[in-house]
Amino acid sequence: MLDFFTIFSKGGIVLWCFQGTSQLFTPSVNALIKSVILQERSGNNSFSHESLTLKYKLDNEFELVFVVAYQNILQLSYVDKFLSDIQLKFRDSYKNVLLNGHYGGQNFDDFSEPFSIILKATEEEAKKEQTAKKKMRTFEDSLKSKKTVSSMIEKKDDKKIGKGKENKLPKGKVEAPSNGSLPTPPSSPPSSLSPVNVNGDGGLDEETRLKNLQKLIMSKGKKKPSTTNKSPEAPKRKGKQGTKWDNGGSTKDTETLDFNPFTPENGSDSYLVTPAEQVQVGRMSGPIKDIDSASDEEEENFDDEEEEEEIVQTKKDVSHAKSSKGGMFSMFRNLVGSKTLTAEHLRPALDKMKDHLIAKNVAADIADKLCTSVGSKLEGKILGTFGSVATTVRNTLQEACVQILSPRRRVDILRDAMEAKQQKRPYVITFCGVNGVGKSTNLAKVCFWLVENGLSVLIAACDTFRSGAVEQLRTHVRKLNALHPKGTHGREMVQLYERGYGKDSAGIAMEAVASARDYHIDVVLIDTAGRMQDNEPLMRALSKLVKVNQPDLVLFVGEALVGNEAVDQLMKFNQALADHSQSTNPRLIDGIILTKFDTIDDKVGAAISMTYTTGQPIVFVGTGQTYSDLRNLNAKAVVSALLKP
């Protein structure tokens, strides 16, 4: 059943290996190490690569990794138990060798026999469980066994009279009282007729009847005066009249509505630039600066607080008073003096760590996987005092987050654009994302940075859906050209390629790239329409644009304010690009621009969620509204804010 099994150290030394087929398993094991173990994604112990399923188990005490591989079509339920049994057997057999750490001169070939015995026993036990008939549930396990006899007997006295139709009395009938006396009839209102004279038999006399009949005839002939006053009729409308507004936007109101303190001079756009914007020119040449990291004083204060808490915890009389401090790492105070960290010890601390990450805006699913990964790395560690436990946990979580935020591949736009310029072709960047995240604004920031470094830019207005999108880009182009005038560079550094609204965005992008090639423009920035991740027609149009034009870089623009939504957006954007491309090797998202980073304080979890979901780096971070408010992501600064109590 099993095709491959290997035991190797985290340093890369293979201790023992079993191979049941002639298939080459090296690429699959290397993919597991590169994509899961090194990328801190060990929350799930299963990994699929090509036609194989690989399961692994970490031994943190001896720094070992146990890996088993089998075909995807097989459903083997005993693999997890088999991994645990092999781990215990290997530890017990070679404990002294593992403690010394010298693997070079040791021969582990004699482990083949115990491996075969355990594998055979585990497979036979699994077969017995599959062939065994399903046992019927006993009466004690059923819900009826929890009921008593008295609870199943209905008493008549317990029935209450409801409000249904069957409990209502017919009209004219009165419910008899419970004491058996007859009900009293309702008193009739006094009559306005003449006094009644009753004869001896109990009836009215003839004279009274005649008077009553005469009054009845007279009352029918009289008309009652109307008490309601008729309201005067509303005046009839002569027709729909247009509303006249003051300063309605006509040409006559242009001077009144123009609040711009600057006026055009000699037909130039220099009046669009404010003095504050003019100061920014020349400040963004070269690579983009990193975001500000936490100061060393804050780190020292945090370490000093941990040391003080450790000293206080040694005193029994004040241990309870100080138990509320220390953030999520205070849960590890209960582990003082424990020799080995187990799953039971780590579970409450990891639960609190998960709540802390979710409070920092990390998606719930990502926080769960990250905590599971940290727990798997800590389980089996031999630690002593509280200080070492807190430091180890903090360093482990910090290493995991930094590893996640570190890019898998290099993204150097300036270098790639220069290389494309030498090849006499434009460097193409596509911006995509949901509505309202700031795609056009951050496109203008990137454009300003490229112009600062001497690269000419052509902006392709491919947002043919949103009203005012082309005009917004046109305004940015005018301001950017005013900041970098033609006389300084000898040519217009920023140009706009637009074809209006309601056109095919893929065709406009293709024409823009061809125009940039003809006019020797260095970079093409493609602005696309904002779309929700569930809008299939617009997602299909985006996939068509990427497939037809094959840009050098596809950037997803996302907000730093979102939490769980970030995972859903990125997954569905990537899935749509893959499904609608109709190619074996589709283009997916290459990088992320995280906007509105200046509004979140220390809730930086969206960076972790987005990077963990796609594995792609965060290329830029938007930190404001001006053209110079663009920064590179500093992984250590983000992790420091994430771990801040």
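Which strands does helix α19 (residues 605-614) lie across?

1. Helix α19 lies across β10 (553-559), β11 and β12. Its direction is at about 165 degrees to β11. This is a predicted model, and the points below should be read with that in mind.

2. The strands under discussion belong to an open sheet of eight strands with mixed pairing. Read across the sheet, the order is β8-β7-β9-β6-β10-β11-β12-β13. At the edges are β8 (494-497) and β13 (630-631), each of which pairs on one side only. Strands of a sheet pair through backbone hydrogen bonds, either parallel or antiparallel.

3. Strand β11 (residues 591-595) and strand β12 (residues 618-622) run parallel and are joined by three bridges. Within this part of the sheet, L594 stands opposite V621 in β12.

4. The unreviewed UniProt entry carries the annotation "domain: SRP54-type proteins GTP-binding" for residues 617-630. In the model, residues 617-630 are 43% strand and 0% helix.

5. On confidence, the chain has an average pLDDT of 78, and 75% of the residues score at least 70. The highest confidence is in strand β9 (residues 523-527), with a mean of 96. The lowest is in helix α8 (residues 296-313), with a mean of 47.

6. Two stretches call for a separate remark. Residues 159-166 have pLDDT under 50 throughout, and the model gives them three contacts beyond four places in sequence. Residues 172-194 are also below 50, with seven contacts in the model beyond near neighbours in sequence.

Note on methods. Residues numbered from 1 in each chain as written. Predicted model: local features only at pLDDT ≥ 70, side-chain atom pairs only at ≥ 80, totals over all residues. Heavy atoms only, no water. pLDDT = per-residue confidence, 0-100. Helix = DSSP H or I, 4+ residues; strand = E, 2+ residues; numbered from the N terminus. Contact = heavy atoms within 4.5 Å. UniProt positions renumbered as here; feature names shortened; annotations may be inferred. Pairing = 2+ DSSP bridges. Axes fitted to C-alpha atoms, helices over the stretch in contact; angles between N-to-C directions.
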